[in-house]
Amino acid sequence: MARQQPPPWVHTAFLFCLLSLSGAIEIPMDLSQPPTITKQSVKEHIVDPRDNILIECEAKGNPAPSFHWTRNSRFFNIAKDPRVSMRRRSGTLVIDFRSGGRPEEYEGEYQCFARNKFGTALSNRIRLQVSKSPLWPKENLDPVVVQEGAPLTLQCNPPPGLPSPVIFWMSSSMEPITQDKRVSQGHNGDLYFSNVMLQDMQTDYSCNARFHFTHTIQQKNPFNLKVLTNHPYNDSSLRNHPDMYSARGVAERTPSFMYPQGTASSQMVLRGMDLLLECIASGVPTPDIAWYKKGGDLPSDKAKFENFNKALRITNVSEEDSGEYFCLASNKMGSIRHTISVRVKAAPYWLDEPKNLILAPGEDGRLVCRANGNPKPTVQWMVNGEPLQSAPPNPNREVAGDTIIFRDTQISSRAVYQCNTSNEHGYLLANAFVSVLDVPPRMLSPRNQLIRVILYNRTRLDCPFFGSPIPTLRWFKNGQGSNLDGGNYHVYENGSLEIKMIRKEDQGIYTCVATNILGKAENQVRLEVKDPTRIYRMPEDQVAKRGTTVQLECRVKHDPSLKLTVYWLKDDEPLYVGNRMKKEEDSLTIFGVAERDQGSYTCVASTELDQDLAKAYLTVLGRPDRPRDLELTDLAERSVRLTWIPGDDNNSPITDYVVQFEEDQFQPGVWHDHSKFPGSVNSAILQLSPYVNYQFRVIAINEVGSSHPSLPSERYRTSGAPPESNPSDVKGEGTRKNNMEITWTPMNATSAFGPNLRYIVKWRRRETRETWNNVTVWGSRYVVGQTPVYVPYEIRVQAENDFGKGPEPDTVIGYSGEDLPSAPRRFRVRQPNLETINLEWDHPEHPNGILTGYTLKYVAFNGTKVGKQIVENFSPNQTKFTMQRADPVSRYRFSLSARTQVGSGEAVTEESPAPPNEAYTNNQADIATQGWFIGLMCAVALLVLTLLIVCFIKRSRGGKYPVREKKDVPLGPEDPKEEDGSFDYSDEDNKPLQGSQTSLDGTIKQQESDDSLVDYGEGGEGQFNEDGSFIGQYTVKKDKEETEGNESSEATSPVNAIYSLA
């Protein structure tokens, strides 16, 4: 935030007339006066031959002057040449070539004469020249043969143009020639090679001349170079190598000067011009140039270095810049110096230029013409264009060197005097007239003006006047008799009144009075004092990230009688308020700040009398500019130093640099991150891999983001070597059930280490003594065929290039292809109660791969009604599942299969058992507690006991009973009793039990109800739940009698016992 002082043009409204305080008094144009030259062409007047020629000459005087010209110091008769005319009321010559003619015919030195009856004024001698752009002579240039490392100068020798053409070098295809400290263009236009390198043959070299007036470019036939070398390969990686020359077999040499020649030279320069000193040296390595001044320092405020330090320019030379300068050319082989003696000469320059002299009759006066130069200029006086010596004698005039003294002048003394001062480097010509007048005072400004001024400002009131003799001027305020001079007031010689600091009490009417012996004149001005315009809340410096919103405040106080205008400047230029900006009465808002918004913002509060300025700087944090000028040095087999010049950080410090590389063999055009470095460095050693043709670029990073990548460096190729690693991510997986695909991640350019990278692939079955199978592969996969299903293999993949093999690879286990798995084993369905069903199974006997899970599909059914199928997926480790029944009546059909990545295998299917009769289950507990039921059970038990006793007695007697034979079949082992007291149900649950009894008529008895109490075993393990439901194990009671000899065994049952008793 800063308040700026208004520029000097702010307070001009209060001035009567702008007259310099020390300027010459002007004669009003209504009074008689000699001529005065007001406009003329430059001394060296170069014109375009395609246009008409204008030679300007304008003058004022009373009466109006007439004009005539001389050409080459002889009268130029305009009337005799139809092409030449003179503008009306002017002396300007117009030479018209529309009807033909050659402009060159009019070249020469012209001078204009403006004359009236009081004298003659002269213009400068104007040298007219026609611009020339001659054609380049055609020439056939033989190839330039040069040994690598030798110096070379390609001469331009442009045709002499007027003015001199601008010289630049390009190829014949109009591509600029890259210049550096080794190859550069001299001030004379020649192209200098401090030492020639093989890469200089890659282009040709053509000198071009651009001519100013015709705007044409002429091109010289190109030079072609033929460089003889001991190292025929143009290896770009050696271009910036510190030992590049020795690596290419180029002998190193001490510096020597190509321009200027020798050890000393001299140069002359004119005062006020630019001094350009130049030293161009050859040598291997390329020399560095340094500049010094003998006995002192270089003028730091005027000196600057150009052309890679080969040129020293000193601007606006003065006599103090003369002396001895020397340039020092040095490389590691040595140094030499060249001394340039500088002499500063000077064309004439004014010390005291003569001014018009206005005198009254009888007054004295003088004209002074003082000039300096080197050599000292001579002074020649003329009067009305004629040498003073040739003029009629005037007893009132005395010439004393550079001064003419006039005494007791009379009307006859009126004339125009010319002072011509010259030396070998130029001349100066000045006109000054002597006017003898008798004029009473007169005011030259409008009367009774209203002047408004700002409080506390310094103010000047001018009162332009004229009279002869020169009047005296006095100021008064509000009609008071005291003269205003001293204190807060100061009156200058030309009559201007300065008020050093305006106060409120300075408001009023001011009167200026001019007096000479012929009378007096006066004028008045009314002065009003206004409050200043002030910005009391100024915009503040801000730092903003790109995309944010910024508001700059500007609140103003001003005099209410003045109209206020507030506007904004950006970087001191008017601000265009676009759609991203909003200008309000007291602020400026910028939406979505961008990098281009950075800069100074100035709030300008302005009235017609004054203004106030307040400036703030907006800093936009942006992404850094790209690094530039990448250079490779310290080149070694496995490393290189990369150096770069940081770009602008755009107000956010650079935190990191990312170095990327690209190689042109495996992935040309693809950039990879190589390394990362802190933002404080701009040079780093990069570790490299063998046999890579590297190219580098650098990206700068700051808090805002990343820069654009730098332009790429030159390429550098490292030498080859055997691989030091093998491919990663080696896998063996089957894509079909009878194959195995071996894959790996191929090695990139930085790990190949040599040409023709390939892979040796080996495999064999695991845990066998088979020999290794092997094959050489150029890609990243190999398929082994005719493999068993899902068999483990040992796999090895080794890298190899033309330099050798990589290290012994690690062994990786892979598997051949998978197939569908077999069905899960021992699928069991259990129903512990009416609410849940438990499922259990074992893994398939033949998984044929890696199990990915199990799929269970089940559906509820009740008679002919079937519910919606439900699918459950389980992890490969899960072998149990508990299902909540939807109702106690429906049964369920289950289908279970295992899965591999190939798909689902064979399914095993089971159904849940029919649920027990619900009514019986509910009534069973009630019956068991009835007295009659207990008595019945006791009777049945007694009857069974009696029958058993009878059977026992019969058997002990050896008796035989006529019974019907029946084969007893024991319960099979597939129907074991489970530990938890429940049955395993299978698909045979609905078949007749083995060992079912056959009725007397030969039919098989219906299987008795599962809920019958007839077949409860002895010491039965059956029991009831707390709710009365029976959860015991159902068993089949059987007795087997073994007899000896021919006796047959029969199952003992209550029925058979009754038959035997009968």
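Reply: Happy to! Let us start with a term: a charge sits over a ring if NZ of Lys or CZ of Arg is within 6 Å of the ring centre and within 35 degrees of the ring normal. Arg 337 does this above the face of Phe 326, 3.7 Å from the ring centre. Likewise, Lys 557 lies over the face of Tyr 536, at 6.0 Å from the ring centre.

A word on the source: this is a predicted model, where local features need pLDDT of at least 70 and side-chain atom pairs count only at pLDDT 80 or more, while totals for chains, interfaces and linings use all residues. Residues are numbered from 1 along each chain as its sequence is written, and side-chain values use heavy atoms, with hydrogens and water left out.

Now to rings beside rings. Rings of Phe, Tyr and Trp (its six-membered ring) pair if their centres lie within 6.5 Å; planes under 30 degrees apart count as stacked, over 60 as edge-to-face and the rest as tilted. The structure holds 18 aromatic pairs. One of them joins Phe 97 and Tyr 106 edge-to-face, with 5.7 Å between the centres and 75 degrees between the planes. Phe 97 has 13% relative accessibility, so it counts as buried (under 20% relative accessible area; exposed is over 50%, partly exposed in between, with a 1.4 Å probe and protein chains only). Tyr 106 is buried too, at 4%.

Tyr 858 and Phe 894 make a tilted pair, because their planes meet at 40 degrees, with the centres 5.7 Å apart. Tyr 858 is buried at 8% relative accessible area, and Phe 894 is buried at 0%.

Finally, ring pairs link Trp 841, Tyr 854, Phe 874 and Phe 881 into a cluster.
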